[in-house]
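Student: I'd like to go through this structure with you, one piece at a time. Could we begin with a single residue and then move on to sheets and charged pairs?

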Amino acid sequence: MSAGRKLVIVESPAKARTIAGYLGEEYDVEASVGHIRDLPQPSELPADMKKGPFGKFAVDVDNGFAPYYVVDADKKKKVSELKKLLKDSDELFLATDEDREGEAIAWHLLQELKPKVPVKRMVFHEITREAIQRALANTRELDDRLVDAQETRRILDRLYGYEVSPVLWRKVRQGLSAGRVQSVATRLVVERERERMAFVAADYWDVTGTFAVEDAAEPSFSARLTSVDGQRVASGRDFLDTGQLRAADVAHLDEARATALVAGLADADFSVASLETKPYTRRPAAPFTTSTLQQEASRKLRMASRQTMRTAQGLYENGYITYMRTDSSSLSSQAIDAARRQASELYGAEYVPDAPRVYTSKAKGAQEAHEAIRPAGDQFRTPAQVARELSGDQFRLYELIWKRTVASQMADARGQTASVRLGATAADGTDVLFSASGTVITFRGFLAAYEEGRDDSRYSEEAPAEKDDARLPKMAEGDPVTGTDLTADGHRTSPPPRFTEASLVKALEERGIGRPSTYAATISVIQDRGYVTGRGQALVPSWLAFAVTRLLEENFDWLVDYDFTAEMEEDLDAIAAGDKDRVAWLSRFYFGDGSGNEEGEGLRDLVANLGDIDAREVNSIPIGEGIVLRVGRYGPYLEDSAAEPAEDGTTRRASVPEELAPDELTVAKARELLETQPEGDQVLGTDPVAGTPIVARNGRYGPYVTEILPDPEIDTSLSAAAQKRALAAAPKPRTASLFKSMSLQSVTLDDALMLLSLPRVVGVDPETGTEITAQNGRYGPYLKKGTDSRTLASEEALFTTTLEEALAIYAQPKRGRGATSAPPLRELGDDPTSEKPITVKEGRFGAYVTDGVTNRTLPRDLTPETITREQAVELLAEKRASAPAKKKAPARRAPAKAKASTKK
């Protein structure tokens, strides 16, 4: 053993590099690259275990819910490297994140490495030299309660997914998944769309005008009609979603009435009926938590939750911000001092309040003892100071965090708010009141640094709310005013707005569902599974999500109940705090309380006693007038049960375009589709070679043919990233667009097989030995020889062009797109693994690095100009590591006994 060597293990290579720079030469800092062990899929269990207690879940539910862990196939090499380093070390520091996942990673490392040297748990919330030195001096023991809480969640998700998902496979579609949080999140989005589908719009009118006092030096202002003969004028808020008024004591103006009032007030005398002024005070928002950071980044930066968390992770690991997974909005005394000092230096002493602001978390069961997300260090670096080091999303997110943190310790914004009502009598004797309000900011306070964003309001077009610096003129009660530009305006009520990622995160947190640190992964899962798609910022549920949600609501009601899901989260927090026993809790969830009552039923009995589920009914959504939408194997289609059946007894059908949102499928639209669209997917026949069904479809980019492959079986308990990798590795169906001369109505199986046979090998260039192929691409038909592409005159030429004709085309000078091969943007040196030169190139989807074998698109925070050789090597290594590994039967261990030796 080398004297004095110390091994420090963290999660990521980037984190390892940053920390290594703060420690001495006697420290070896290595990355585990996330979890090294997990529950295997039952199919991966050794043959002698598949029929035993671990065979169904890789968890022995009858013996204390003991889990069976295996080292991931792509982590075995890493574990061997860590064991080798440990042999030459006399001390081990486990420096993974101080949350449940980080604590669990540390515990798994301990179990697998089996160190014989002293082990210390090293924790920190920011990666700065001072923080790392403090962490080294204040190590602790592993927290078994946090490990228990993470393991309970993992087992819970395995039980939930493995019991419920197969029901979805049988009754809706293969390959679907259900999850404790993802199913509830999907239900929220579906329920909002149901509200939009049921919504009935109502029309209403109002009157606006421009008003001025006698003093021409004072500004004019706008006001809106708010009262007619003592009755408040109805606005959008006064209507139910059924289109009816909430109450009868409001004046509902139609076009005729509003227009008559405008005419009757043309020569009316207006005066100030009342004027109220009051002080205006606005306090700054608290520093960021994980949830509020995702919401604000979505509003201000248009960043998806997953993108926000990935960017924040990079900032944390490189020492720019504190830990980004936190429920706490509090700041340390050092951070408060840094924020106050910086606010005073940048804006002036008057912008800092006399006493520091103290924030406490409002989140139920906040799990971490971390600070809020803030700039790292005891002295904050301004955005200008890091501008040369950060670019793209990383700079924008750092600037947002810096502004929010500094503003949180600044003084209130102060001013005056004035509300005025103007009275007049119309020509027909009708008494009316117009109202206006405005706020004048006299001291901007924290607004000089930052103002929190807001989600779009459903009633944003109604009476204007208070506006900063919307000044009203000086006036007093009884003063005359002049009204001009009176206008009658028509409005229509709007349906409830769809969720955005920001508002969905907010809704989940407000209901206590899941953890903010997992929301980004949850939203990614429901999008990757096809339950939700993005339309701009809005989240739109698919018809598949409707079918899945209905099945869960009708058969697993308490599993997707919002309150029950929130209570589960509170129970899991209690386990983390040591107030509940995890085995007893899991037993109650899975086996029930033994009372035999429906209320005491567990998941096992709920699944066992489901009875017969009518798959056709579950997958049917009534549209109206006898038209039903059905979620079929090949996609959604309409069926008109009210129409006369055809001679063979079938009903009229039509496929539903992918881009049509559920709330846009009205009865009128459905009838239009039934008249114009072909009847669902056109099943053309079976490929005689592959044995797969061949269908023709009408897609977003036009008609096409494709083959139907069996849905891949994906372990639903895997992480979102692992599921995505497994899906990416699954076989993809062959797909080809129809030629312009073809149509869905006329395409045949032979046509489809011909299209799916592309690309066609035309022949080999006798001079170079390079193969020439004919392909149909994004910009039309073309020939390809190596990297040299040439356009073909027609789609039909794809099948008729001979080798001689192809050689003649290549003999001509190249014209148009891509006349010459673009040189690399940069050359970075050789890759240590492949020993090939690394270059940066511009590709179809943006810049990427390549060694000629492995390609990796540049992340948003890197550019061709700023990427270093070390970063490129790491990106290529990560891409190689993410490639699907060959499945091997894990070696058998005694998990329960081994676990009991270190954990209670």
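Student: With which side chain does the side chain of Lys 6 make a polar contact?

Tutor: The side chain of Lys 6 makes a polar contact with that of Glu 91, at 3.3 Å; a polar contact here is a pair of N or O atoms within 3.5 Å, where within protein one must be able to donate a hydrogen and the other to accept it, and residues adjacent in sequence count only if both atoms are side-chain atoms. Before we go on, note that this is a predicted model, in which local features need pLDDT of at least 70 and side-chain atom pairs count only at pLDDT 80 or more, while totals for chains, interfaces and linings use all residues. Residues are numbered from 1 along each chain as its sequence is written, and side-chain values use heavy atoms, with hydrogens and water left out.

Student: Ok, is Lys 6 buried or exposed?

Tutor: Lys 6 counts as buried, at 18% relative accessibility, since buried means under 20% relative accessible area, exposed over 50%, and partly exposed in between (1.4 Å probe, protein chains only).

Student: And which residues does Lys 6 touch?

Tutor: Leaving aside residues up to four places away in sequence, Lys 6 touches Glu 26, Tyr 27, Asp 28, Ser 89, Asp 90, Glu 91 and Phe 93, where contact means heavy atoms within 4.5 Å. Lys 6 itself is placed in strand S1; strands (E, at least two residues) and helices (H or I, at least four) are DSSP runs, numbered from the N terminus.

Student: What is the strand order in the open sheet that contains S1?

Tutor: The order is S2-S1-S7-S8, an open sheet of four strands with parallel pairing, and two strands pair if DSSP finds at least two bridges between them. Strand S2 (27-31) and strand S8 (119-121) are the edge strands, each pairing on one side only. On average, neighbouring strands of this sheet are turned by 20° against each other, direction ignored; the axes are lines fitted to C-alpha atoms, for helices over the stretch in contact, and angles run from 0 to 180 degrees between N-to-C directions.

Student: How many bridges are there between S7 and S8?

Tutor: Strand S7 (residues 92-94) pairs with S8 over three bridges, in the parallel sense, and Phe 93 stands opposite Lys 120 in S8. Helix H1 (residues 13-20) packs on this sheet, where H1 touches strand S1 (6-10) and S2, and the direction of H1 makes about 165° with that of S2.

Student: Switching topic, how many salt bridges does a search of the whole structure find?

Tutor: The search finds 62 salt bridges, counting a side-chain nitrogen of Lys or Arg within 4 Å of a carboxyl oxygen of Asp or Glu.

Student: Which residue forms one with Arg 134?

Tutor: Asp 378 does, with the closest N and O atoms 3.9 Å apart. Asp 378 lies in the loop between helix H10 (333-347) and helix H11 (383-386), whereas Arg 134 is in helix H4, so the pair ties together parts that are 244 residues apart in sequence. Asp 378 is partly exposed, at a relative accessible area of 28%, and Arg 134 is partly exposed too, at 37%.

Student: What about Lys 785, which residue does it pair with?

Tutor: Lys 785 forms a salt bridge with Asp 765, where the closest N and O atoms are 2.8 Å apart. Lys 785 is buried, with a relative accessible area of 17%, and Asp 765 counts as buried at 7%.

Student: Last one, which residues are linked in a network of salt bridges?

Tutor: Arg 100, Arg 153, Asp 157, Arg 180, Asp 327, Arg 515, Glu 569 and Asp 573 are linked in such a network.
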